[in-house]
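This report walks through one protein model, moving from its strands and sheet to its salt bridges, a pocket and a few individual residues. It is meant to be read with the structure open alongside.

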Amino acid sequence: MKPSRPRGILSLPKILVLILAATVILSLLFYTSWQRLNRKVEDILKEQFNQQQLELARKIAANVESYFDYLENELLAYPWRFRLLQLDSPDFNAYMQARFQDMHRLGILEMGLYDQAGRPLRFWRSYEPVPPPAETDRLSADILAWVKAPGNQGRLYLGEVRRATHPPWQGRLVMPFYTGLYTSPADSVPYGVLELLINPLFIANQVTERVRSGATGYPWIIDQNGILLAHHEQDFVGHNALEARRQRSPKFTFRGLQELQQKLLSGQEGTGEYVSGWHRQRLGAIPKLAAYTPIRFDQGLIKDITDVADPAHNLWGVAVVAPLSEVAGQVGGIMSQELFLVALFFLVVILATVVLILVAVSWNRVLAREVNLKTKELLESQERLVRSEAFAAVGEAAAYVSHEIKNPLMVIGGLARQVERTIEDGVAIKQKLQIIQSEVERLENFLGDLRDFTRPPMPSKQQVNLNDIIHEVDVLMQEQAKSQGVTLEEHLDPRLPALEADPNQMKQVLLNLVKNALEALDSGGRVVLSSGADNHEVWFTVQDNGGGMPPEVLEKIFSPFFTTKEKGTGLGLAVIHKIIADHHGEITVHSTPDQGTVIRVNLPC
């Protein structure tokens, strides 16, 4: 009687299931905690990264404001300089041309002098001769009203960025800067107006050209109308920021970017995120981190000296952006390494426990594998033994049949032929004698096949060209094929390498295969002989489009004495299989009912 297991003792499978369940639960708890920590660390790093971008944006804004501080100082100095020079003197024009050349290197397109009615008197530009002022160059009424207003002596007026409508700057973005000209501080009415026409794109490009945030981040600047003054994509510059992006990526709404621009143009500073349709050469929805700050022109080093047009909106805005993946990727890499180390330690502990329990199971598996292997070897040995015994029995039977039947058959056949020659009349008797001769011949062929199968000669190998053998068999079988209305074709590879084989046995194999293919075709049809080489092997195929064979026949076609023919011996394919095996080759058959059969032979080079 088998001893019963004590109650309360868990079986090994149950213990393994419990360990697996505990491992899964602990892993889920740990992974959830790790995900929360990962998001928290990512939020912290995003905030820190955005703060760094905000510092870059502030630096760019400070550089722009410093540039305009310099222009303010320059523009405030001109009314004092003009009191020392006569406006109609040659020295005045030379002086102004020299001053313009200095200012032109700082992005000034032209300097213009107007009278108190706003009519142009003289321009200094980057080319000579300067064309005479046109009537369309008059100052607007708003500018004249500001210049003549009491209290604006010694002050400056900065206009909005606009697109010029008159030559020579027609179509370009410009930004005018004005100051009134007075003969003396005691005057209350100016005698003229001095204008600096600024190139805003030059300034924006200078302050952003070499600025980069992270690996691929970059800054951009917009004016009070949302027109891009600087951007990594040069074809965006000078166009509306939102419209340019929508034209490139129509499926994106850029809602986050629109909200960011509204905050920026209302004078707000901060950080945030938005989704873009691309980043440099990458396309698709790309989340970006952004830091933004306004650029003001009325809060420079000299306070309350510059009035701006529409002070509620006349400001530029700068933003510095970078893909979120640059931050998230770094966080993910660090956290993944930490997760790997912790998980590795956790797995080591779990696996150590599992390994101790699985030692017994592993021994059982090893023993089971050994038993299965030995069983397989015994079955294979038994199969080989049965086959050997079958061959031995067939060999003994063949020897006995050859000894006991072959010689009498030869005598019977010879006598039948002699009797046939001596009979002049008697058609029925002659037919019977011919039947005797054909049956004797069939039995002799059967004995020959049986001898070849039981005692096949070893192949006498030599260098042969398989294509030559195939072509020879093709020539031999052409007459029989024509008599059946069958087309016999060759598809041979002309670059076939030489083969070590017995040419007679290869010819025997091909003849038998072609005969079988012709027998599969009642009348008409096609038999194709092909050859080729690959993977250090030479191959040939015999293909027919006959009736094919069902799967139950395919399983037995190489078995001795198995045949589907009425007068077949069932040894032809068995002999072929033995010849190919002696050449260390392989023969395979693919057949489909009503479609045909392909027999392929692979031989090593």
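How many bridges join strand S7 to strand S12, and do the two run parallel or antiparallel? In this predicted model, strand S7 (residues 218-222) and strand S12 (residues 316-323) run antiparallel and are joined by five bridges. Within this pair, tyrosine 218 stands opposite valine 321 in S12.

**The five-stranded sheet**

S7 and S12 belong to an open sheet of five strands, whose order is S8-S7-S12-S10-S9 and whose pairing is antiparallel. Strands S8 and S9 stand at the edges with a single partner strand each, so one side of each is left without a neighbour in the sheet. From one strand to the next, the twist averages 35°. Helix H6 (residues 255-265) packs on this sheet, where it touches S7, S9, S10 and S12, and the direction of the helix makes about 60° with that of S7.

Tryptophan 278 stands opposite leucine 283 in S10. The hairpin of S9 and S10 has two residues between the strands, and arginine 280 takes a positive phi near 55° there. As a general point for reading such pairs, the side chains in a regular strand alternate between the two faces of the sheet.

Four residues lie between S1 and S2 in their hairpin, and glycine 118, in the turn, has a positive phi of about 85°.

Both strands contribute to the second largest pocket, for which the elements giving two or more residues to the lining are strand S1 (108-115), strand S2 (120-125), H3, strand S5 (173-181) and strand S6 (192-198). The volume of this pocket is about 470 Å³. Its lining consists of 27 residues, of which Arg138, Arg162, Pro176, Tyr178 and Glu195 lie nearest the centre. Strand S5 gives the most to the lining, with three residues.

**Salt bridges**

Over the whole structure, a search finds 18 salt bridges.

| Aspartate 102 | Arginine 105 | 2.6 Å |

Aspartate 102 is partly exposed because its relative accessible area is 32%, whereas arginine 105 counts as exposed because its relative accessibility is 57%, the cut-off for exposed being over 50%.

Aspartate 235 lies in the loop between strand S8 (228-230) and helix H5 (241-248), while arginine 248 lies in helix H5, so the pair ties together parts that are 13 residues apart in sequence. Arginine 248 counts as partly exposed, at 34% relative accessibility.

Proline 150 is found in the loop between helix H3 (141-148) and strand S3 (156-158), and it counts as exposed at 80% relative accessibility. From C-alpha to C-alpha, proline 150 and serine 188 are 7.0 Å apart in space, although 38 residues apart in sequence.

In helix H12 (residues 572-582), the buried residues are Leu573, Ala574, Val575, Ile576, Ile579, Ile580 and Asp582. Just after H12, histidine 584 takes a positive phi of about 60°.

Note on methods
Residues numbered from 1 in each chain as written. Predicted model: local features only at pLDDT ≥ 70, side-chain atom pairs only at ≥ 80, totals over all residues. Heavy atoms only, no water. Salt bridge = Lys/Arg side-chain N within 4 Å of Asp/Glu carboxyl O. Buried < 20%, exposed > 50% of the residue type's maximum accessible area, 1.4 Å probe, protein only. Pairing = 2+ DSSP bridges. Axes fitted to C-alpha atoms, helices over the stretch in contact; angles between N-to-C directions. Contact = heavy atoms within 4.5 Å. 1 Å grid on protein atoms, 1.4 Å probe; cavity = no way out; pocket = protein on both sides within 12 Å on 5 of 7 lines; lining within 4 Å. Points joined across faces, edges and corners; volume = space filled by probe spheres on them.
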